[in-house]
Each structure stands twice: as structure tokens, then as C-alpha cells.
Amino acid sequence: MTKKRLHILKVCMFSVAMLWLLLYIPTFCKAQKLLQTQTYRPGIFETLKDSSLDRRVEAARKLSRPARKMTEVDAMRTIDDLNKIAIKLNDIPLQCAVYDLRADYYSVNNGYNELSTKYYKQAISLAEEKKDQMLAGIYQHRIANYFALYKQNIEAAKYYLLSDRNLREVGYSKVPGMGNLFSETSNFYYSLGDYEDARENLKNALTYQPEASRTRVNVLNTIGLTYRNSNNYPLALNYFDKALKLAEQLRDSIWIALAKGNIGSVYVMQKRYKEALPLVREDYEQSVKYDEGGNCAIAMLRLAKISLHFNNVKLAAGQLDTANRVLLTTKENVLKERIEYFELLAQVKERSNNTTLAEHYRLLSEQLKDTLAERDNVTAIERVRLKWTKEKSFEDYKDLQKTAELNSYKQYTVILGLILIIIIGVFIFNHQWLKTQKDKELLASELRRIEEEHKNAEDALSGYTENLKQKNEIIEEFKTELEKLQSNVIDRDFAANIEKLMQAHIMTDDSWEDFKKLFIKVHPDFLYNVRHNHQGLSDTDIRLLALIKLKLNNKEMAGMLGITVDGVKKAKQRLRKKMNLDEGDEIENVVNKL
């Protein structure tokens, strides 16, 4: 490059930079001024008191949007006002939304951070504490969206699975906005190239989308993309055609163009260039109209490919030049498009008899392919990890179901045993009562017979009667003792069963071993870290630490350990000394970090 051309280039670059500053500074000042106007305003949530329960959360979200642009202090004061109203109304969904809004504030302003994670989990915990399975599922989905946004894919997958499990058990049809939840989950899987899971969620989403809506067009179009990306072109065309017809029915010009462009893209992949040309050309024109930079470049590359097929090298060169300018300015990830651009440019140079440049562009294409392969390998590994997470989650769920079924079976067995004992006791008592009644009737009959036969034998009758009285007293005493004996047997059996039930806590070695196996699955490193960092702890100390790790309160721990609440408090104090904790250190915080 000559010095003159270099100077001209520097001048142009300086001019562009100055122009950008002139355009950006007023916008920046305007934005700063807007930010400064967002301050704490008391009473903005007062109207919620008159809102219906089913619309209160959505109304609160809309009212709280300005808080995103406030300082942290003002934003938290604003959300505190909402929390007071939620508590006053005893509105659990609104209380969960308070945690969610705090998490959203820190996410918007700080990106991925511990506070957002903590508040999202508190929303889930509150829903679980109130035994609201649907609410827990919804907020598990929201934290999954948060993890997905910041590429924490394993955590995102885990919470999407937990959410789906809860909402499936509640019944998808009972969940408000279920179609959107399915669509958001599909976006996560689609971004990782897991088109099968993405497609499954998209097809579920169709069930809950209005028959005639832009959202339904989007879902149909995306299902088509999953088939196209899996090289299943007939099914891809089928869904693109459905999206096109619905878009035409709605007279939505944007989606009409997108659907036609996607149909054209499949025709290009099938080398049906003549059919593809008008569709791809229309896709490009609409993309320019709506300033869709990335799609402009893709459409222009397809047009260049079609031009090369018809051996119009000059037109293809111009189209590639246009595509290159768009690719250089777009902020989207265009690695695949750059590869295709260099491959097509190599063909143009080769057909123009410039083999040196053709080889150069092929080399650039291969280098970018290596980069793409590395990225795809990372994504593939991530998909494998997600698949493993999903399978493990299903296995754990099945294990928990089996355990729950076994516990239910044991419980029902105990209850059935108690019922049988009671029935047997009642049967024995009734049998004895009937026998006694029969004996009484026989004695009365005998007395009447004796009285009729021996009317004149007063002395004998008197003696016999006295004898019968003594016999009756003995019979009654025998009956009483027998009833006591039967009652005592039942009491002992009942007491024995009650004692067994009272022993069902983790202080027994067998129950502790079963508990420990489940605990290690959830927290694999915890017990090792405790032993490694705090030597000299007893087994009882370890069990208490495990329950603290599960965030149980003192009353719950007392019930599981078979001791009093005061006993738990004293045990914690002893633990603090054994672990050499400072006065300001909370044992719960120390345990959570292990």
C-alpha cells in the first residue's frame, strides 16, 4: 500500500471516529439524564391492593421496571415497599416475585452474580416451604433462564428439568403461560445444538399457543429450523410452509419474508437453485428493509452461490463484496458465514483464473473451519454433559420415587398391622361378651327351672342361690381379669409399634447409613471437607453438620436427632468451639462454604 493511500485511509478512519463520537455523546448524555430521573418514589405499588390475585404479580413487575435504572439503595427501598404489601396481603406468589425482582435488578446491573443466584433460590425455597408445586416450578424455570443467559449450562439444565418435573405433576394445562415456558426451554436447547430436545419443547409449546398468532408462527418456523439443521429437509419444508401460510393469514409481512427465506434456504441446500432464487432475493430485500444485518449477509451469500451455479461470476463477485461489507459491520456471531464467504470467494477467483488468490481464500476458510471445529467440540462436550445431567436427574428421580413408594409401603403396613390388631382385639372382646351373655341367659333359665321344681325347698334354693352368686362373682372377676389381660396385650403391641415409629430418625446406625448415602449424592464433597478441615469431630457432630447443611431449623433437627431444641442449641455451641470459629462467624455460613 502506498503512503498516499495509507494517509487517505487514516483520514477516513479519523473522520468515522469523530462522526461516531458526535452521534454517541448526545445519546450517552441523554441516557445518563434518563438514569438520573429514576429515583425512589414511595407509594407506586398502592394500586396493587385493588388488583385481582391472578394479575397482581404481573402488575407488580410492570410497576417495578423503573427500579432497574435506580441506584441499589433506591431500588431495594422500592422493592421493600412491594414486600410490605405482599406480606400484608399474605400473597405468597407476590412474596416470591419480590425475591425474583431483587435477583433481576442485580442480574441487569451486575451480570452473573451471587446475589441474583441467592434471591432466585430464596423464591424457590419459599414456594417449596408453602408446598406450592406450581410456584416452585415457575421459579425453577426463571432461575434456569438466568443461568442459561450467562452460559451456566449445567445449572440451567438441572433447573429446567426440575421445573418440568414439577409442572408436569401439577398439570401443564393448569400453568399460566405454559406455552412461553416451553418456548424458553427450547431456546436453551437450540442454542446448544440439541435440536431433538428443542423440538420436543417446541411441539409442546404449540399445544398452548393461540391458533392464529405471531408466536405460533415463530414456533412453527423454529421447528422447521431444527429439522433443517438436522438435514431433514422434507419435514423442514413442511413446517416452514405451515409458518408461511399462518403468516399470510395474519398478513404479517416480516414473518412472510422470513418463512420464504427459510424455504429458499432449504432449496439452496437441495440445489434447487431456480426455485430458490426469487425466495432468497425477497428474503434479502426484506432483511435490508428491516435492517436485519446478519440475515442480509446470509441471504446475499446464498444469492452468490446461486449466481456461481449459473456461472455468473461477475454478479457473484459483487454479491460477495456486499455480503462482506455487512459481515464486517454486524455484531452477530458470523463465523460460519465468514467460512462460506471465503469458500465462495475462492471459487470466484478460481473461475477468474486467479489461482493464487483462490488458494489464499481457501486457506483462510480452512483456518476458520478449525476455529469452528474447536467451538463445536466445546459445544458437543457441553451437550454430552447436559445429557449425562439429564439422565442422572431421571435416575435420581426414579430412586427417590422408589424410596417414597417403599416408605409409603412401610407406613401402610404399620397402619394395616395396627388396624388388624384392633380388629382382633374387638373380635375377642365381642366373643367374650357374647359368651358371657349366653352364660347369663343359661343361668337365668336354670334358676327359673329350679324355682318351678323346688318351690317348697326354700333352704335348698337359698343355699343354691347363694352358691350361684359366688359363682357369678368369680365369673365376673375372671371376665375383668381377662379383659385387663387382653387390654394389656394390645397396649404392649401398640406401644411397641409406637416405639418403633419414634425410632425412625437418623440417630440409629441403619437409618444414618441410608440417610448418608442420599446425602453424599447431593453433596459429594461435604463430608470429606468436614473431616479434612475440622478433625476431631464425633459422629454426632458430623450428623448435626449434615442437617445444618440441609438448612433445617432447630426444631426440625431436634425431631430428627431425637433430642430437644435446647439440646440442638447446646450442640451447636459445642461445635463452634470444636471448629474454632470466631465470635462473628455464623456456623451456618461456615457450613455452607464447606
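Modeller: The buried residues of helix 20 pack against helix 19 (509-522), helix 21 (539-549) and helix 24 (587-593); helices here are DSSP runs of H or I with at least four residues, numbered from the N terminus, and contact means heavy atoms within 4.5 Å. This is a predicted model, in which local features need pLDDT of at least 70 and side-chain atom pairs count only at pLDDT 80 or more, whereas totals for chains, interfaces and linings use all residues. Residues are numbered from 1 along each chain as its sequence is written, and side-chain values use heavy atoms, with hydrogens and water left out.

Helix 20 spans residues 526-533, and its buried residues are F526, L527 and V530; buried means under 20% relative accessible area with a 1.4 Å probe, protein chains only. These residues lie on the same side of helix 20 because they cover an arc of only 100 degrees around the axis, the arc being that of the directions from the helix axis to the C-beta atoms. An α-helix has 3.6 residues a turn, so residues three or four places apart point the same way.

As to confidence, the protein chain averages a pLDDT of 80, and 75% of the residues score at least 70; pLDDT is the predictor's confidence in each residue, from 0 to 100. Over residues 460-473 the pLDDT is below 50, and this stretch has 7 contacts in the model beyond near neighbours in sequence. Where pLDDT is low, the predicted coordinates should not be read in detail.

Conventions
Buried means under 20% relative accessible area, exposed over 50%, partly exposed in between (1.4 Å probe, protein chains only). Helices (H or I, at least four residues) and strands (E, at least two) are DSSP runs, numbered from the N terminus.
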